[in-house]
Amino acid sequence: MSKDVDRSETEAGSTGGEERHRNGEEKTGQPTDANTRETTRAKEAFERGAYQESLLLYTRQVDACPKDHAIRRSRCVVLLKLKRYEEARQDIESALTILRLNGEGASRESTAKTNVVKASCLLAMGQVLNAIKVLRDSLRETMQTSGDSVHQLHFPALCCAVGKLGREWMGVYFAEKISEAEKPASFSSRDGRALKLVPSEIRMTKDQLRPLVSSTLEDKLAEGRSFLLQSWGIQQRVGKHVLAMLRSYAYLQAGLHDQALKDANVALAYSPNDGQWARGHAVLGAALASNLEWQRSALHFKHALELEPECLEFESCFRDSAERLSEEEQRVLQAGGTKSYSKWLEGEKERNLPEFLKKRPKYYYYYEWMKKRIAEFYPVLPDPVLDKLLDLDADELDMLLQYPEAIRGQVTEFLDVYETKGADFLATYRTPQLSWDEVRALQNKAALGIEDEENLNISMLEHLPEDTNHALLGAGGLGELTEAERSGHPVRPQLPPDAARDRLALEGSLQDRLKLLEHRAFDSSSSPSHSGADLDAMD
């Protein structure tokens, strides 16, 4: 039995006189100053190893105060030192009986101390499982929050009891817990109570899991005992992440790598501290290595090593995975750690994606296309001028690039503004828009054989046949080209639809007026002359 446990139990029991009057505890046996002195002498005798003398003094106090549970508890500790286990068990049972009879008068701390001494007695008698049961029952009854004084009382004794558990027993225990977690849930038979069901064709039974889990714990005994302490002392149940981790290792040994990878991901996802669990990263790294995913395997082993730098197992596994990486990857991983390597992997993944899956800024492909077209005329341009061209309306820039004279004029204008006023002024500079006649003139310059812009005269187009009104033809369902357009002959520019409609209305009114005037002239020549007054009245 641990010396720390003995010390805590002895100190707890030897202060019975004080304990009877604190925080509403029971007042039993009517202690006197003589009893207090006897208690002090018994404690001093115990501390100097005079166990027989200490036992005699505590026995006198028990005879004087038979209903004092604290004195009986202290005498039990002395009997344990003398290896009189049966008498010690009877004493501690009597102390517990007194506490139960006292009911609500007994404090949580007194009950916890007595249960801890009983567990120590059972451990001394070799009844490890019974001792653990007493401690677990006591924790459920007395502990309110993890880490409080009652929990601190149980923890040394629980550590001592768990330390006596062997690998085989833990293999049986955890295999049973995994099987219970795989039982169909009450709300859905397709899901397990705590773990997702393994497909029936590869699912292992409890008897099959037992040796595999035991083998997993062979070099992880301390870690397995810590899982038991957490589940029995704080959580009151085995965590889902622990069960998933153990099942993952079991299926790895069975050669079922896909199922092992699923369980490893679950273990890390449900791990405490937002995934900062070294064993969770280690089991995921092992599962990834079994699936030959060396990059992610090395990343998780490195993460586990960062959380526990002194673990030789993690260092060895990381080295094995890192050897299969490229020199650049090893350099990034060793120099920058997991954060730098994660960024490197994300960038590598992005670079290897097909073009249509890559993340691009808005209008990326439009800008790249326009840059190539501009480079055909101007391979090198200042960045502010190029950005200004790309800021132009898409249709306008497309039209300018179709005609060399237009793009040259626009670039020359922007270059002049940039050289004289600077980049900031160019960013807010607005180019005057082309008029309709200028646009049509640009489209017909090549057809007329005009090379110099100074020789361009819009009146030269007046003798050409009028262009087809494609807006009206399109509305009627006839949008085909005319014969002149197919042959490439120059045509006179057509007005926009609104201007053409206004011009047609004006021409119609003028024609009506002319017809009226002609009718009057005809009437005047065939009828007698009228006076001026009659003509005025006619008007």
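Biologist: In this predicted model, which residues of H8 are buried, and what makes them count as buried?

Modeller: Val 128, Ala 131, Ile 132, Val 134, Leu 135, Arg 136, Ser 138, Leu 139 and Thr 142 of H8 are buried, a word that applies because the relative accessible area of such a residue is under 20%. Across the chain, buried residues make up 39% of the 539 residues.

Biologist: How do you know that the length of H8 is close to the expected span?

Modeller: Helix H8, residues 128-142, has 15 residues and reaches 21 Å from its first C-alpha to its last. The expected span is 1.5 Å times one less than the number of residues, and for H8 this expectation is 21 Å, to which the computed reach is close.

Biologist: Why is H11 called roughly perpendicular to H13?

Modeller: The axes of H11 (residues 206-216) and H13 (residues 240-253) cross at roughly 105° and come within 9 Å. Angles of 65 to 115 degrees count as roughly perpendicular, and therefore H11 is described as roughly perpendicular to H13.

Biologist: Which residues meet where H11 and H13 are in contact, and what is their division into nonpolar, polar and charged?

Modeller: From H11, Leu 209, Leu 212, Val 213, Ser 215 and Thr 216 meet Leu 246, Tyr 249, Ala 250, Tyr 251 and Gln 253 of H13. The residues of this contact divide into seven nonpolar, three polar and no charged, with Leu, Val, Ala and Tyr among the types that count as nonpolar.

Biologist: How many helices and strands does the chain have?

Modeller: The chain has 28 helices and zero strands.

Notes. Residues numbered from 1 in each chain as written. Predicted model: local features only at pLDDT ≥ 70, side-chain atom pairs only at ≥ 80, totals over all residues. Heavy atoms only, no water. Helix = DSSP H or I, 4+ residues; strand = E, 2+ residues; numbered from the N terminus. Buried < 20%, exposed > 50% of the residue type's maximum accessible area, 1.4 Å probe, protein only. Axes fitted to C-alpha atoms, helices over the stretch in contact; angles between N-to-C directions. Parallel < 35°, antiparallel > 145°, perpendicular 65-115°, else oblique. Contact = heavy atoms within 4.5 Å.
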